[in-house]
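User: I've got this model open and I'd like to talk through a few spots in it. Can you take my questions one at a time?

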Amino acid sequence: MDSSWRFHLGDIPFPKPRTHEENYFFGFSKTGCFIGAAKPDYDDSSWRVVDLPHDWAVECGFSPDENPNRGYLPAGIGWYRKNFQLEKDDASRKIYLEFDGIFRDATVYLNGHRIGYEPSGYTTVRYDITDQAICGGNNVLAVRADANVNEGWWYEGAGIYRHVWLLKTSDIQIRPWGVFVSNKVKTRKGNAIGAAAISVSTSLSNHSGSGASCELVSEITDSSGSVVASSRCSVKISISEDSNVVQKLRIDIPELWSIERPYLYTLRSKLFSNGSIVDDVETPFGVRTAVFDPKKGFLLNGVPVKLQGTSNHQDHAGVGVAVPDRLHDFRINRLKEMGSNAWRCAHNPPAPEFLDACDRLGMIVMDETRCMNSTPEGLHQLETMLLRDRNHPSVVIWSLGNEEHPHQGTENGKRIIRTMKRMVKKLDPTRPITVAMHCAWGGPVTPLLDVQGINYYPDTYDDFHKKFPGLPVVATETSPSFCTRGIYANDPERCYFSSYDIKKVPKEWIHCLTMEEAWRAVAERDFVAGLFPWTGFDYRGEPVPFAWPCVSTNMGLLDTCGFRKDHSYYLQSWWTEKPVLHIFPHWNWPDKLGQ
C-alpha cells in the first residue's frame, strides 16, 4: 500500500460544530462520523502526492531554533490520505491494514471511522478493518501523525516512514505472526552435525461463527524448493478461543545458518477446511544453535565467534528514516566489508525488511525494544517485537533496555525486568535476554538476566566476571569513534574531530577510550562475547559535544553516506583474515615539525 498517497504538512483541526445537529453527528458522537481530513469526501486535491516510505522532517530546512537531538530539523504534524478499491467478494474475507512504522503518535481513520491509535513510532500495528471496509467500492484511508514529542534523543524522522500492507484472509485463518519455528540440532561423535529437530507452533483463529474441523499441513523446503520434511494433523477450531497446534518435524542432514553461509529454509503452512485451502503462509527460517557461554563467549553452531558488532540507528544520508529496502542491504554489506558480523538495533525494533536482509546476508542481530517498560503500553511494544521477529535466525538475543539509569539498579527495575522476561520466555523460550547497562551491573536486575550487557567501562569486566562467573557478558556498547572522515586535526569551530585514534573528548568522558583500547579489552577476554562500538554509521542528531551548525554525529566507523573512516580499517585488520594496508592521506606536515 506504498504508492500514491496524498500528504499535507501541518495540522488540519476538526471543524467546530455550529449547530446541535452537527454536534450530534460529529467525531465520537456517532460511529463513522469523523470529519475534516478524516472525512471520506474531504477535498485533498491540492495535497502533494508521495510514495512510501516517507520522512517529511528530512525534507525541511535546518534551523538553530530546532532541537539539536533532531539534527536541528523540525517535527510538527502531518496528514496522509489514500483511496483504494476492494472487490465485492472481499466481503467474505477478514481484512486488515498493517503499518510497519509511523513516527509518531498516529491516529488512523477509514471511511470516517477512527480505527486505531498508536503512540510509539517504532511499533508495527495491525488493524482489523473488516467491518468498516467498503467491499465493491472506494475506501478512504486517513492518517494523522504528530512527531512533536521525542521517543529518543536522536533523529527520529516524521511520518509514515515504513511500509503499509493490506492483508486479506479467510474467516478461518492462521493468525498473522501466528507461526513460530524453533530447532534443536543434535551432534554426533566428533561434533559432527546430526539431525535437526524442528518444532512448529501454529496459532489458528476462527471468525466464521461456527466451529470448524480443519487440517494443517506444514512443509519444509530447502533453498532449491525440495520438500525435506512435512507434517499433517487434524484440528478443531472453536469460535471462542484460538487453537494452538504444535508439530514436530525432522531434517536429517541440515544445512546450518551461519555468518559465512546464511542458509535459509522455508516453512509453508497450509490450512484446509472441507477439503479446500483457506490459508497459506510462508515463513523463512534458519537452522542453527546460538549460545552465550560464561567462559567461551558466543558460540554459533558450537564454534566460538567473537561478536564484532556495531550499534546503529536507522536513518541514512538524504532519506532520513524512510530507508528503502535496498539500502538495508547496502548498509549491512558496508559493515561486513570491514569484518563486522553483528548489529545492535539502537534503541528500537528495526524495519522487518532489515531483519530479512540480515537473514540473507549473514549478520547477527541484537534486537532491542524501545525502553525498559512493563506497563500495558510497554508490554504491547515488547510483544509486537517478539511475535514479529522471533523467526529470524539472525536474531540471537533480546535487549530489554538501554542505560535505564533511573531504574536499572533499583528494586523497581528488578520488578519491571521480571515482568518483561516472563513475556519473553512465554513467546520465545529459545533466546536469552540482556539489558544494556552503563552502571549498577551486579545490582538487583543482574540475577534476572541471561547475559549481562555492559556499556563502556571495560575496566569492570574482570571484577564482574569474578563475582558472577556463571553469567555471560557482552559489551553492548563501547567507545565512539569520534572522528570526521578526512580530517586530521581537531577543529571545534567547524565541529571536526581528528581521525587519529587518540583521546580527544573532555576529561569527564572517562568512559570513552580509543578504538584500540576498546577492542583490546574484549579481544583479550574469551568470556566477553563481543562488542558493539558506538556507532557503525554517523547519524543525524545528537551532535555532542558540538552544537549548531553541527547537525549530526561524528561517532561512526563510517560516515552518514557509508564512506569508511580510518578506524574501520584498523578494526578490519583484526576482524578479517585478509591483509589490510590503509595509508593515511599524509604524514608529513612541514609547519608542525616536532608536533
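This is a predicted model: local features need pLDDT of at least 70, side-chain atom pairs count only at pLDDT 80 or more; totals for chains, interfaces and linings use all residues.

User: Let's move to Gln308. Is Gln308 buried or exposed?

Analyst: Gln308 sits in strand β20, which covers residues 307-312. Buried means under 20% relative accessible area. Gln308 has a relative accessibility of 11%, so it counts as buried.

User: Which backbone oxygens lie 2.9 Å and 3.4 Å from a polar atom of the Gln308 side chain?

Analyst: Leaving out residues up to four places away in sequence, Gln308 touches Gly339, Ser340, Asn341, Ala342, Trp519, Leu531 and Trp575. Two of these residues come up again here: at 2.9 Å from a polar atom of the Gln308 side chain is the backbone oxygen of Gly339, and at 3.4 Å is the backbone oxygen of Trp575.

User: How do α2 and α3 pack, roughly parallel or oblique?

Analyst: Helix α2 (residues 325-337) and helix α3 (residues 352-361) have axes 9 Å apart, at an angle of about 45°. That angle makes α2 and α3 oblique.

User: And what is the handedness of the crossing of α2 and α3?

Analyst: On the α2 side, the contact is made by Asp325, His328, Asp329, Ile332, Asn333 and Lys336, and on the α3 side by Glu353, Phe354, Ala357, Cys358, Arg360 and Leu361. Sorted by type, the residues of this contact are five nonpolar, two polar and five charged. As for the handedness, the crossing of α2 and α3 is right-handed.

User: Where is Cys495, and is Cys495 buried or exposed?

Analyst: You'll find Cys495 in the loop between β26 (473-478) and α7 (515-523). Its relative accessibility is 8%, so Cys495 counts as buried.

User: How far apart in space are Cys495 and Thr484, C-alpha to C-alpha?

Analyst: Setting aside neighbours within four places in sequence, Cys495 is in contact with Thr484, Phe546, Ala547, Pro549, Cys550 and Asn554. Thr484 is 11 residues from Cys495 in sequence, and the C-alpha to C-alpha separation of the two is 8.9 Å.

Technical notes
Residues are numbered from 1 along each chain as its sequence is written. Side-chain values use heavy atoms; hydrogens and water are left out. Helices (H or I, at least four residues) and strands (E, at least two) are DSSP runs, numbered from the N terminus. Buried means under 20% relative accessible area, exposed over 50%, partly exposed in between (1.4 Å probe, protein chains only). A polar contact is a pair of N or O atoms within 3.5 Å; within protein, one must be able to donate a hydrogen and the other to accept it, and residues adjacent in sequence count only if both atoms are side-chain atoms. Contact means heavy atoms within 4.5 Å. Axes are lines fitted to C-alpha atoms, for helices over the stretch in contact, and angles run from 0 to 180 degrees between N-to-C directions. Angles under 35 degrees count as roughly parallel, over 145 as roughly antiparallel, 65 to 115 as roughly perpendicular and the rest as oblique. A crossing is left-handed if the near helix is turned anticlockwise from the far one by less than a right angle, and right-handed if clockwise. Ala, Val, Leu, Ile, Met, Phe, Trp, Tyr, Cys and Pro count as nonpolar, Asp, Glu, Lys and Arg as charged, and the others, Gly among them, as polar.
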